[in-house]
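Reader: Can we go through this one together? Show me the model and we'll take it from there.

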Amino acid sequence: MTNLELQMMNFKDIKSKKLVLSCLFVLLSWFSFSQVKASIDSISIKIGAQVTYKIEVDTDTTALVVFPEGQTFSPLEMIESYTIDTTKKDDRYNLIKKYGLTQFDSGAYTIPKQKVLIGAKEFYTDSLKVEIRQVVVDTTKQGLYDIKPIIEVNKSAGNWWKYALLILLIVVLVGFLLWWFIWRVKPLTKEEEIALLPPYDRAKLALKQLDESNYLQNENLKGYYSDLTFIIRKYLDEKVYDRALESTTDELISRLNLLKDGNQIELSKEDIRNIETILKRADLVKFAKGTPDVALAEIDRNTVDIEIDHVKEALPEPTEEEKLLDKQYKEEQERKQKTKKVVLTVGIVAFLLIATLVGFGYKYGFGYVKDTILGHESKELLEGEWVTSAYGFPPIIITTPKVLKRIEIPIAQNQENQPKSSSFAYGTMLDVFNVTVNTTQFQSQPQGSESPEIDLAELSEKGIQGMEAQGAKNIIALKDKFETPNGAEGLKSYGTMDIPSLGSDKLRPAKFNFLLFTAENVLQQIIIISPEDDAYADEMVERILNSIELNPKTN
């Protein structure tokens, strides 16, 4: 063998050794970088019991590790995700992540492989098998009991009683003020009591009050004669001649003589002469500054007293017709007074109501006040007691004005492998307001095969076609990404349409929001249909959308 051949053989040998060493170093570096192992604490459990699924990762301290989250263990359901247990040894971490899994149907199940991200690389665990055993019940030893009846729960009273008490107090206060100032029979003042007396009694009482005055003691004859002549003139004005107060002395005396001559009053000439004398003397005192003696003034007072009696005696007795007219007049006056009180009361109450409505309308809006008084279905839903609950599995946490009721979905025979669906709803598309929540779980794929990707845009189109099949017309839809407050991402289709009215062939305008979310083997749908041009419904939709919580989708 030549030297050249020996050199060639040595070169090939060295090259092959380098290649083997390189592969060995790569494998060693890969295994030294990280290791992922999965295990379960039991391969056979009873229905509803928990199996603990553990993922153990051994990796470098600088590597970022992302464990699976959400319902990625289907057909088993994750009921709890424990915190990561971390142990450090030298420059490496040993991370242990545990999950609590369960299943409520008996059978043999395979937990699919789980994806673990370490840095930028993906690692998959082995799939594991677990058996779910039925719970055997010996009905001969185990007592069976009827289903317990539904227990009614008393709703909380709320704060309505406070508003009712406030309204009652206001009504009582207004009623008391109306009674006190309008309807109450008020005690008469002294002037009112005197005004209700007959003219004769008033004249006699006025003479008595004149005696109690200090006119004569102070020699104030002008004031004395003014009051004295007013008493006789007032009595004559009410009982004999209705212009006695504004007539001159000559005009009044002439009228008395005329009434005497016409036999309308049986008054003697001497009585007329006495009245004339007193009135002319009073004119002298008031206008010519005459100063009669005080004794003469007292005599004139007594003369007026006597003449009042004579005039009363001279007046004819009222006929039955006059008495009836007087009675009717009094009744008419009472009726007018009562009508006046009623009108005044109604006016005050109407003013208070209008003022209250205007005040509330200015503060809250006149539409809101109108809807509060007349009632509005959307407003009642908005201001009612809202309910926050979780529906389906994986759960959709949502806040709605009413509790969503389960909708039973019939399962066709010989189709046990079809997707499992659960649906909850309030109302239907024909109602004023409709909220529907759907959750669909697809069967897990065999080991080694990838789950088919769910096209949300295509499902959104099918959902819109479904609304058309139920009678919706003129659908205008827009699409946009949607993210829940806790970070779950999905697709939102929204827009307007015309839908049939309940019990009528006419269409009414409505709005819709169609939300779709997906995770591994799970599709979640939320449908909200509300009336158009309804501010209360828009506020409800906004509140519902802001309340949705799902498990965030794992990248």
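Author: First, a definition. The expected span of a helix is 1.5 Å times one less than its number of residues. Bear in mind that this is a predicted model.

Reader: Which residues of H5 are buried?

Author: Leu221, Gly223, Tyr224, Tyr225, Leu228, Thr229, Ile231, Ile232, Arg233, Tyr235, Leu236 and Asp237.

Reader: And what covers them?

Author: The cover includes H4, helix H6 (249-261), helix H7 (269-287) and H8.

Reader: On to H4. How far apart are its end C-alpha atoms?

Author: 19 Å. Helix H4 covers residues 199-211, and its 13 residues should span 18 Å at 1.5 Å a residue, so that agrees.

Reader: Which of its residues are buried?

Author: In H4, Tyr200, Arg202, Ala203, Leu207 and Leu210 are buried. They sit on the same side of H4, because they cover an arc of only 165° around the axis.

Reader: What do they pack against?

Author: Helix H3 (190-195), helix H5 (221-239) and helix H8 (294-314).

Reader: New topic, cavities. How many of 30 Å³ or more?

Author: One. The largest cavity holds about 40 Å³ of space.

Reader: What lines the largest cavity?

Author: Ile232, Ile275, Ile278, Leu279, Val304 and Glu307. H7 and H8 are the elements that give two or more residues to that lining. H7 gives the most, with three residues.

Definitions and conventions. Residues are numbered from 1 along each chain as its sequence is written. This is a predicted model: local features need pLDDT of at least 70, side-chain atom pairs count only at pLDDT 80 or more; totals for chains, interfaces and linings use all residues. Side-chain values use heavy atoms; hydrogens and water are left out. Helices (H or I, at least four residues) and strands (E, at least two) are DSSP runs, numbered from the N terminus. Buried means under 20% relative accessible area, exposed over 50%, partly exposed in between (1.4 Å probe, protein chains only). The arc is that of the directions from the helix axis to the C-beta atoms. Contact means heavy atoms within 4.5 Å. On a 1 Å grid over the protein atoms alone, a cavity is a set of points where a 1.4 Å probe fits but cannot get out, and a pocket is an open set with protein on both sides within 12 Å along at least five of seven lines; lining residues have an atom within 4 Å of a point. Grid points are joined across faces, edges and corners, and a volume is the space filled by probe spheres set on the points.
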